[in-house]
Structures are given as C-alpha cells and as structure tokens.
Amino acid sequence: MAPRDHDEDDLTLHDLIEGPTRDLTAARAAALARTQARPSSDDHEVDGTSGDPQGSQPHDRRGEGVEGRRRVALSRLPASGALYRRALLGVVPGVGGRRGSDVPSVELGVSGVAVDQRHLADYDRVCGFRLTDRLPATYLHVLGFPLSLRLMTSPGFPIPLTGVVHVANRITVHRPVEVGESVDFHTYAENLRPHERGRQLDVVLVGSIGGEEVWRGVSTYLGKERSAGGGPRRDRGDRPAPPATSARWRVTPRVGTDYARVSGDHNPIHTSKLGARLFGFPRPIAHGMWSKARCLAALAPRLPEAYTVDVSFKLPVPLPSTVAFSASATGAGWDFALHSARDGRPHLVGSVR
C-alpha cells in the first residue's frame, strides 16, 4: 500500500497508521495473500516515529479480528517519543481533536518483535529482577507497549493519554518466554464504561509465538472528567490495617526517569515536577507498572511456570518515598501488597494465581 499524502490529523480510526500498514479484513487479506511480493525498502512508517526501515510482515492473514474488529498490521513497532508529543499536543486548547464516544473497532498487530538483551538487562536492574534469559511477565508489557500506545494516541480515542490513570493490570503467562524467541503482538480496546470520576476502559495486549498465545495483558485506564461518569461509588469505609511488612524499599525520583527510559512510558506525571502539577499531583509519581514489576521481582523465585498476576493500583507512590512490601502464601498462590511505610496508606494490592 502506498504512503498516504495527507496529514496524520486526517486519519480515521480505521486508518490508524499512515504509510505501509495493511488492512487485513477478510476480502483484502485474501488478495494480499495472492499478490504479496517481497517488501520494498519504502515499506515502513513515514511519520517520523520509526527509524531505519525493516522488512514488514503482516500480523496474520485471518482477516477480521474477534468481535468484528478491523485488523491492521504494522511493519514494525512505532517509537514512543513522537506518540507522546502528539498526546501532549492533544491537550492544548483548540488543538486537540474530539474524543470518540466508544472504543475504536480496530486491532493493531506487529510481528516478529525480538528482545534486545541489553535492554532486558537494563529493565531487570531498574525493576529488581535477577539477570536471566527468561523474560519477566511484566517485560512483555513493556515490549509491546508502543503498539498499545499507538492505539491510545489515535484520533478519536475516547480517553486522552496525557493524565490518564492506570487503575488495574492483569497479566496471564501461559508459558515462559525466553530470550531468542520473537513475539507477535496485537492490541485492542474494549469495555468502555462509566466511573464515578469519569470513564474507564481496558486495553488488551496479546503476545503469541508460532501462532500460540503465550502471554496476555489487560490494562484498565481511567480518564478523569469534570462531570461524574455515573459508575458505582467506591466503599469509603474504614481502611484496614496494612499486613505485616516483608521488605522496605526506598523509591527515589530516579525510578521515574529510569523506568520511563526502559519502558518508553514518558508520561510527564512520572518524570517532571511541572508535568505532575499540571495533572493534579504535588510531585512526580512512580509508574504503576514499575510498582507491579518490583513486587513481582520479589516473588520471582516462587512463581510457577504459568500463572495470572492481578493488581489494583490504589494511591500513587510519590517520588521520593519509602514503601513497605508484604506477601503471604495462600493455597492457590500468593497475595501481596505495597503500602506507604510512613502511614500505611495502600499503593497496590495484588495476587498470583
């Protein structure tokens, strides 16, 4: 498909990636399978979000995704920097476009994502994992995050990326993934619903190897809105006493910048005092996925080959601060939590099953 000659802002939800993406709905996928020739050197993104071109591979050739979503394959993962610049521009009055009333009926895919061992080692150090050839469950989230980021910064996405609150994350590991294996990812959004403070939705990211799903992540995001969303109100009763502390960790401001560097998540609420204040935080806060990864690293020697790790993010972890980690074995797995070491306020509650 030849590159389009219009501006990015003219893109529709069904034409998310300018340039060499492939519409893999059923009819055109069949034609593509018959006529696909060796990709040319021009088969790459042309919006400044990518580096040197690579050979492109359609995510798959099955046509439409589940539930009628239109499937679009990228030739490679987009770079996150330009996407965050777009997100920041979108909050400027008079510049940002309209938000959609529902999730986009589209699914983005990319094939053959390989692991850079130096990047993996850097991620392991930032999050507290031991250096091994087995990928931490949370690393697959980082590896495929640019694809989800591209979806969330598309025109008309119902919740603006900048200032969004990550309220929950569930990861299912079907089998371990090792360095040297290439992963195919696809992502989509679903379940837009009201919340007492706005609207929230789920962004699903799926990793497959050789056509087999090996990993699935579901991130729940809240977009705050001035008008009440009408969702159920949280129970604001007495806060239970925090569990017994297993470990204490000092979380410095560098955690925000280091995790942004290894994850590609450069939301300014994590890296900038001014950016945090613009979105209602007195100082930067740690990434929720860093908190989850740090807890999982503490449990890593006790994790099975296949499991689901589910967390709810409670109050943000301000930078700097000291947090208290607790974990207890259950008959089915582990329960764990992260609290403020100073006053016991909850930051994260999770389980492994």
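## Overall composition

In this predicted model, residues 24 or more positions apart account for 71% of the protein chain's contacts with a separation of 6 or more. The secondary structure consists of eight helices and 12 strands.

The protein chain has 353 residues, and 52% of them count as buried. Its exposed surface comes to about 16,900 Å², with 49% supplied by carbon and sulfur atoms.

## Nonpolar core

The largest nonpolar core holds 68 residues. Tyr123, Phe185, Tyr259, Phe336 and Val352 touch the most other members. Helix 4, residues 137-152, gives the most to this core, contributing 10 residues.

## Helix 3 against helix 8

Two packed helices are described by the angle between their axes and the distance between the axes. For helix 3 (residues 117-127) and helix 8 (residues 288-299), the axes come within 9 Å and cross at roughly 85°. Helix 3 is therefore roughly perpendicular to helix 8, since angles of 65 to 115 degrees fall in that class.

Helix 3 makes the contact through Tyr123, Val126 and Cys127, and helix 8 through Trp290, Ala293, Arg294 and Ala297. By residue type, the contact of helix 3 with helix 8 divides into six nonpolar, no polar and one charged.

## Ala327 in strand 10

Ala327 lies in strand 10, which covers residues 321-329. With a relative accessible area of 26%, Ala327 is partly exposed, because that class lies between the 20% limit for buried and the 50% limit for exposed.

Not counting residues up to four places away in sequence, Ala327 touches Ser246, Leu299, Trp334, Asp335 and Phe336. Of these, Phe336 is also one of the core residues that touch the most other members. Ala244 is 83 residues from Ala327 along the chain, and their C-alpha atoms are separated by 8.3 Å.

## Backbone details

Leu319 and Pro320 are joined by a cis peptide bond, with omega about 0°. Pro320 sits in the loop between strand 9 (307-313) and strand 10.

Asn191 has a positive phi, near 60°, although this residue is not glycine. Asn191 belongs to strand 5, residues 183-195, and at 43% relative accessibility counts as partly exposed.

Notes
Residues are numbered from 1 along each chain as its sequence is written. This is a predicted model: local features need pLDDT of at least 70, side-chain atom pairs count only at pLDDT 80 or more; totals for chains, interfaces and linings use all residues. Side-chain values use heavy atoms; hydrogens and water are left out. A nonpolar core is a set of buried Ala, Val, Leu, Ile, Met, Phe, Trp, Tyr and Cys residues joined through side-chain atoms within 4.5 Å. Buried means under 20% relative accessible area, exposed over 50%, partly exposed in between (1.4 Å probe, protein chains only). Helices (H or I, at least four residues) and strands (E, at least two) are DSSP runs, numbered from the N terminus. Axes are lines fitted to C-alpha atoms, for helices over the stretch in contact, and angles run from 0 to 180 degrees between N-to-C directions. Angles under 35 degrees count as roughly parallel, over 145 as roughly antiparallel, 65 to 115 as roughly perpendicular and the rest as oblique. Contact means heavy atoms within 4.5 Å. Ala, Val, Leu, Ile, Met, Phe, Trp, Tyr, Cys and Pro count as nonpolar, Asp, Glu, Lys and Arg as charged, and the others, Gly among them, as polar. Accessible areas come from the Shrake-Rupley method with a 1.4 Å probe; for residues, only the protein chains shown count as cover.
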